[in-house]
Amino acid sequence: MQQAHRAGNLKQSNKAHKSRHRSKRGISAAVKGKVNLKEFVRRNRHVLKKQERRHQAMQIRKNEREEVLAKKRALGGTRTPPFLVCVVPLNAQLDVQSALVILKTCSESAVVSQSENGILHIGLPNFKQRFSFICPEVGNEFSLLDALKVSDTVLFVSSTLDEPVDEWGEKALALTMAQGIPTPVVVAMDIEGVHPKKRTTEKQNVQKLISKWLPEEKVLQLDKSSDGLNVLRRIGNQKRKIIHHREKRPYMLAEQVEYVPDPEGDMGTLKVSGYLRGMPLNVNGLIHITGLGDFQMSKIEGLDDPHPLNLGRENSKFETMEAEVTKTVLQVADPSKQESLLSENIPDPMDAEQTWPTEEEIEQANLDTKKKIKKVPKGWSDYQAAWIVESDAEDDGDDENSDNDDENDEFMSCEDENSEQEEKEEINDFQSVTESEIGPTDEKYDGTIDAIEEHEMLQKLAAAKEEQQFPDEVDTPQDVPARERFMRYRGLESFRTSTWDCKENLPQDYARIFQFENYERTRKRVFKELEDSLINMYGFYITIHVKDVRKDLWSAFRSSNENAPLAVFGLLPHEHKMSVMNVVLKRTGASSEPIKSKERLIFQMGYRRFIVNPIFSQHTNGSKHKYERFFQPASTCVATFFAPIQFSPSSVLCFKEKRNTKLQLIASGVLLSCNPDRLIIKRIVLSGHPYKVNRRSAVIRFMFFNRDDVLYYKPCKLRTKYGRTGHIKEPLGTHGHMKCVFDDQLKSQDTVLLNLYKRMFPKWNYENCIAIDQDRRESDNMES
């Protein structure tokens with residue numbers, strides 16, 4: 001019987017025909033009753049067609065463009081404050097008043113008036129804009145910075161007849177760029193006085209010099225009335241630069257200042273009038289007046305605009321001031337809601353008491369801590385096991401000794417009293433030699449040189465050079481046991497991964513500060529509340545009544561800063577309280593001098609200026625940061641110090657005062673954080689040398705000089721400069737020799753190193769920086 005045919009697996013199977021237009025029955029069979037989510041949501045809403053979507057997008061763009069143009073056109077108008085322009089000459093010999101005369105007379109319809117503080121106001125009805133010009137004192141760095149803090153535009157003025165940019169001009173440009181430059185405009189004067197064939201060349205020379213600092217700015221000419229109109233038009237139509245650390249706070253430049261003393265006592269009320277800029281001002285908050293400090297307000301009054309745009313030219317400033325001014329009380333302080341001037345926390349002496357932890361707390365701590373099996377001495381806790389060497393808590397007397405140790409360690413030496421006496425003798429010998437070599441004809445030259453300062457600078461340069469060549473290496477003292485000399489230091493298995501409790505052995509000053517649970521979250525919340533809670537008074541001409549201003553402080557301020565601009569900033573919540581601030585600094589090229597940690601420096605952080613002695617650390621990631629003994633040239637580091645809280649972003653300038661009372665900008669940067677828990681770890685390195693080498697074991701000498709020190713530091717890990725690692729096996733003899741075992745063959749020219757660490761804290765030496773009279777400074781220096 002013949003077998004029937006069976007179809008194979010490779011039988012051809014044609015695709016089903018896909019119809020482009022299926023029937024309703026076919027569609028319903030395919031979806032099986034399921035409903036599309038988008039169709040369900042949009043069922044009751046009109047679905048825009050392609051042309052309608054295009055028109056909608058076009059309308060949105062048009063509305064946004066009109067909104068931006070309306071804001072731009074409103075700048076400097078009747079309902080907004082005038083353009084505040086800071087006029088800065090790039091040559092100290094240049095008279096900026098000649099430039100202001102050209103700007104005042106550039107238009108016949110210009111409305112010109114002047115405030116009591118010397119601020120020039122120019123209103124152009126045809127431009128529908130107003131301009132205010134302020135001229136800080138030439139040669140005064142702080143006056144220039146205070147004017148730039150509140151200015152909308154900076155007008156750099158140069159001349160083609162004299163040197164376009166001299167030493168003062170370079171310093172002014174450097175300070176402006178470091179603090180945060182407002183919208184810049186550059187003009188060149190006296191071009192008309194040059195021969196017509198050389199005018200283009202002279203203007204190009206000025207352009208090349210300015211391009212080093214402002215490569216995108218075009219130099220304008222300012223010699224005629226038409227040039228003045230072009231400059232004002234450029235100021236009014238230029239794209240504005242936003243300075244974030246200023247725009248997040250209310251600020252104003254004082255147009256009028258009046259001090260009203262109280263009938264009783266040495267206090268008084270300071271009335272400051274001007275145009276409010278930036279964010280809304282809360283009368284229950286605090287304000288900061290540069291050079292005076294932080295104060296409370298009693299009330300805020302609104303006044304008529306003393307420099308209106310529609311004022312006739314025939315009406316002078318004095319006639320407007322004689323007219324009756326209407327005052328409106330905008331805000332009155334509420335004593336129950338007013339922020340306190342208390343800047344420090346009052347520590348409770350009973351907070352130091354601790355109770356014994358319960359069994360549940362111990363079990364929870366064991367679960368939270370990652371276990372690691374290691375051999376530790378009997379009786380050690382898990383936290384003690386994380387350290388290689390654990391030092392006991394020192395008492396107050398040990399803290400004083402440690403402070404002295406810190407000062408000695410900064411020069412990378414551990415010398416005894418005899419060596420200090422030898423140094424003093426060397427200093428005396430050096431001074432005696434220099435005095436004996438002074439000739440009678442060199443008295444005038446030597447009178448300008450401070451021999452003590454030169455010797456201190458020589459020591460600092462030598463210590464900084466030694467720090468670069470042999471970082472953190474110190475000499476072990478021979479007459480003092482190392483375990484006593486380095487009592488506060490401990491060893492770490494790994495600097496990066498080993499644990500370190502940030503709350504351990506804190507100094508007493510840390511009980512006086514305030515700390516945020518989450519700094520970034522608080523900063524965002526404060527900015528959000530400031531935008532939503534108050535009515536915006538941007539552009540209002542107001543009078544702030546500042547209460548409880550000391551009479552002697554105000555007299556000293558006005559006598560030493562008669563022509564300086566008075567800038568007022570509104571403080572955000574918590575910005576008056578003290579904490580630990582960390583700022584990132586980068587050295588400028590103006591100075592090649594090394595800056596030592598704990599050296600007295602002048603800082604300007606945002607709107608605040610103060611004097612502190614910071615400590616420096618590396619700007620790295622991780623939980624621990626290495627302490628830097630010197631802030632080396634052409635480097636970047638983090639400075640830590642006690643100061644009032646300030647929310648970022650904020651620019652930071654660092655100055656050093658020379659013996660001739662001149663200020664030098666040594667570094668600039670930004671505010672990093674407000675974090676007292678930042679671990680700044682100082683490292684010292686003890687070095688030893690191989691005496692006998694036998695494969696992986698070797699005898700090391702000169703690291704210690706007695707047997708007990710070898711036994712004390714036996715748990716610590718050793719490293720060599722050639723990359724070997726090892727540990728101490730046993731001491732040999734009584735003179736500090738020890739037998740060590742390494743992971744590989746040790747070379748005879750290698751050096752064995754032992755790293756020890758301790759935490760560094762800043763000192764509480766904050767003081768407000770109030771400028772004093774130059775004559776008083778010179779008299780003080782002569783007396784000292």
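View 1. Ser 273 is buried, its relative accessible area being 6%; buried denotes under 20% relative accessible area, exposed over 50%, and partly exposed in between (1.4 Å probe, protein chains only). The residue belongs to strand β10, residues 267–278. Helices (H or I, at least four residues) and strands (E, at least two) are DSSP runs, numbered from the N terminus. Ser 273 is in contact (heavy atoms within 4.5 Å) with residues including Met 252, Leu 253, Tyr 541 and Ile 542, when its neighbours within four places in sequence are left aside. The model is predicted: local features need pLDDT of at least 70 and side-chain atom pairs count only at pLDDT 80 or more, while totals for chains, interfaces and linings use all residues. Residues are numbered from 1 along each chain as its sequence is written, and side-chain values use heavy atoms, with hydrogens and water left out.

**View 2. Pro 250 in strand β8.** Strand β8 (residues 250–253) contains Pro 250, which is buried at a relative accessible area of 4%. Between Pro 250 and Phe 569 the C-alpha to C-alpha distance is 5.9 Å, although 319 residues separate them in sequence. Leaving aside neighbours within four places in sequence, the contacts of Pro 250 include Leu 276, Arg 277, Val 568 and Phe 569.

**View 3. An open sheet of 7 strands.** The strand order is β2-β3-β4-β1-β5-β6-β7, and the pairing is mixed. Two strands pair if DSSP finds at least two bridges between them. At the edges stand β2 (111–114) and β7 (220–221); each has a single partner strand, so one side of each lacks a neighbour in the sheet. Strands β3 (residues 120–124) and β4 (residues 129–134) pair in the antiparallel sense over 5 bridges; Gly 123 has Arg 130, in β4, as its bridge partner. Helix α8 (residues 225–237) lies across β1, β3, β4, β5, β6 and β7 and runs at about 100° to β4. For such angles, axes are lines fitted to C-alpha atoms, for helices over the stretch in contact, and values run from 0 to 180 degrees between N-to-C directions.

**View 4. The largest nonpolar core.** A nonpolar core is a set of buried Ala, Val, Leu, Ile, Met, Phe, Trp, Tyr and Cys residues joined through side-chain atoms within 4.5 Å. The largest one has 42 residues, of which Leu 144, Phe 156, Ile 210 and Phe 655 touch the most other members. Helix α5 (residues 141–150) gives the most to this core, with 6 residues. Not counting residues up to four places away in sequence, Ile 210 touches Leu 90, Val 165, Val 186 and Val 219.

**View 5. Salt bridges between separate parts of the chain.** The whole structure holds 24 salt bridges, each a side-chain nitrogen of Lys or Arg within 4 Å of a carboxyl oxygen of Asp or Glu. In one of them, Lys 721 meets Glu 473, with the closest N and O atoms 3.1 Å apart. Lys 721 is partly exposed at 44%, whereas Glu 473 is buried at 17% relative accessibility. Another salt bridge joins Lys 656 to Glu 599, the closest N and O atoms being 2.8 Å apart. Lys 656 lies in strand β25 (residues 651–657) and Glu 599 in the loop between β18 (595–596) and β19 (601–605), so the pair ties together parts 57 residues apart in sequence.
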